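Please find below a short note for discussion. The structure is displayed first, and the comments come after it.

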Amino acid sequence: MITEQDCFYKIQGSTQNIEDYFTTYFDRLPWFEHESLWNLALIPPFLLLENPALAAINEKFKIEGAGFIKMDPGECYKWHVDYSRGVAINLLMNPGIQSVCMFEKENLNEERIKYIELDYQPHQFYLFNTQISHSVVTFKETRYMFTLQFEKPKEELNYYDVRNFLMDLTNPIKTV
Ligand SMILES: [Fe+2]
């Protein structure tokens, strides 16, 4: 059975510099269509390295790049697993809006499933398991999400690799 721990994990650390960049450059973000799926605006790599939590993760698992994705009102990302990313780190830039992110927990029958919601909290990075089927719905407002991609594709890096590393960072004392 899929649990919340399989779907996402709260990453300790400040999100401040990413949020400051988003606010400062909001009117000048270079949006473009990425693989016909995303409205994506890439952010400069130095910003990632200036963030203590992301810099620490990058030491262990190289980050290829990051950006903001924009989802218009009244849209739905259909249920899917990500094509090449095994794991992502997300931060919802405007958590005050109404939107829903769901992971498929369990098939009840051909027509119904149980889901687990990722209720994004403000100023909180989440490790996100892109290989569990997920879906996103927006309602009346545009949704802005920070997300990143690691250098290694899903065949070489998965959610549990990064989650275990993060758990060891926060709980360094182990019994042998
Ligand atoms: Fe996805």
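Predicted model: local features only at pLDDT ≥ 70, side-chain atom pairs only at ≥ 80, totals over all residues.

1. Residues are numbered from 1 along each chain as its sequence is written.

2. Helix α5 spans residues 159-170, and its 12 residues reach 17 Å from first to last C-alpha, close to the 16 Å expected at 1.5 Å a residue. Helices (H or I, at least four residues) and strands (E, at least two) are DSSP runs, numbered from the N terminus; the expected span is 1.5 Å times one less than the number of residues.

3. Tyr159, Val162 and Leu166 are the buried residues of α5. They lie on the same side of α5 because they cover an arc of only 80° around the axis, taken from the directions from the helix axis to the C-beta atoms. Asn164, Met167 and Asp168, on the other side, are exposed. A residue is buried with 20 or more other C-beta atoms within 10 Å of its own, exposed with 12 or fewer, and partly exposed in between, C-beta atoms being placed from the backbone. The cover over the buried residues includes β1 (8-11) and β9 (125-128).

4. Threonine 142 sits in the loop between β10 (134-138) and β11 (143-150). Threonine 142 is partly exposed, because 14 other C-beta atoms lie within 10 Å.

5. Threonine 138 belongs to strand β10 and is partly exposed, with 18 other C-beta atoms within 10 Å.

How values were computed. Contact = placed C-beta atoms within 7 Å.
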